[in-house]
Amino acid sequence: MISLGLPRIPQRGRIFSSVFIDTFGWGLFAPLAFLYFSYNTGLSFSAIGSAVSAGTLAALPTALLAGWLVDRFSPKAVLVSSNLVTALGYGLYPFASEWTLIAVATFLVMAGDRLYWASWPVIVVDLASGRKLDATYAAVGTIKNFTVATGALASSGLTVVLGHGAADLVLALNVVTSLVAAVLLAGVRIPATRPGPEPGATEEEQENPGRPAPGWRDAFTDHAFTGFCFFFMLLTFAWALPSTILPAYSVEIMELPDWTPALFLGINSVAIMLAQMPVTARVSHVPRQRLIVRSGLIFVVVFTGLYLVTKVPATTAIVVLVPVMLTFTLGEMISLPAANALVASSAPAAIRGRYMSLFQLSWAVSGLFIPLLAGFVLDRGALWVCAAFGGIALLAAIGIQATAYRIAPADRPGPTPRGAKTGAPRPDHPSDEAASLDPEPSESTRPVSTKDVT
């Protein structure tokens, strides 16, 4: 297959094809998701919104259940299930004529999303290692931005041609793409490297056979990791800039034209599509922890610039906001693959699903509070907006600096029990990180590419 610069992982074609198909279907339906219930029910927007919020909130705890399922069964089984649950949820949309059914359908869709994000990063660890983790996460981000954008454009075209009737068509296509993605993922062959309850016990467990198998307690008492998750949750507040903050900020506070939010969101999406993978490759020599801290500082600079542009005329502000948005996008691009790879590679294999589900809660928790904070500060003006979100980004950078470097490596070659003394340098130390990365296989030993995707 044509590589398109995609990282060389086993079954690359099938993995990345499933990502493409699945997110294209989501992009088709996403612009019409909320309107769909308005088209097909007599409920008010307030009632629809409350039902969607209720379903979303009810699905929040499934993130923790998803982590247990990944560890109990396999990331592949949970990943396939996520597509099936999502398809079932969307399949209920045509029948959701009442508040309760809307909430149930939304719950299933969001539960599928929680299953997806708990299992997808884990399955990558079974297929890649070292800085290929970062490259694979970057490739998925690139594909998702491209396919969501193209799906949304296709949805717009169908709406122009078919009017309200397009909603039923794109919903059906979304269900089909979820099922096709599930079939592709079901055919992925995962190496049998994940430890089982007995054969895969760590050295510490082998030396202490009476010790209970690792579980949630181990994850929650890993204070460096839980601290990192908390401060990364604060960092995710900055991700609200393109879709939540900037539309109201630019139009209502800066009094810019109504088309400017779409322009800046487009700049963000296009920049990620074009530059995510090259940027990730360019910073591959930098420790992941340092990249995440730098992104927090970049976001502080972005919100500072966002306040300063309110002091210039509207025409100048539009021009200046372009590099501000590109700077924000750079912070996104250097931090997200690094954060996913840091968590996935440091989590003990036996409870990697639990670790990843805790980490993914960063987005879910911040998503509950961002609208409240954004609404509060937007009512009070530019200084409040930039001071609040910039201050949170700075606090996140400080906290990540204090916690991320304390995250212990896990499941590296030649493991030693936690706390054991050894003369070898720690492979996760910034100065030694390069030594821990798996070397690129020679061309003669690279796995043969097949059709794969996530």
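Predicted model: local features only at pLDDT ≥ 70, side-chain atom pairs only at ≥ 80, totals over all residues.
Colleague: How many helices and strands are in the protein chain?

Modeller: The protein chain has 18 helices and zero strands, taken as DSSP runs (helices H or I, at least four residues; strands E, at least two) numbered from the N terminus.

Colleague: Which residues of helix H4 are buried, and what covers them?

Modeller: Buried means under 20% relative accessible area with a 1.4 Å probe, protein chains only. In H4, residues 62-72, the buried ones are Thr62, Ala63, Ala66, Gly67, Leu69, Val70 and Asp71, and their cover includes helices H3 (45-59), H5 (75-92), H6 (99-127) and H16 (352-378). Across the protein chain, 48% of the 454 residues are buried.

Colleague: What span should the 23 residues of helix H13 have?

Modeller: The expected span is 1.5 Å times one less than the number of residues, so H13 (residues 260-282) should span 33 Å, and its end C-alpha atoms, 31 Å apart, agree with that.

Colleague: Where does H13 bend?

Modeller: A bend is the angle between axes fitted to the seven residues ending at a residue and the seven starting there; H13 bends by about 55° at Ala275, and Pro278 follows within four residues. The buried residues of H13 include Phe264, Ile267 and Ile272, and helices H7 (131-162), H12 (241-253) and H15 (314-346) are among what covers the buried residues of H13.

Conventions
Residues numbered from 1 in each chain as written. Heavy atoms only, no water. Buried < 20%, exposed > 50% of the residue type's maximum accessible area, 1.4 Å probe, protein only. Contact = heavy atoms within 4.5 Å.
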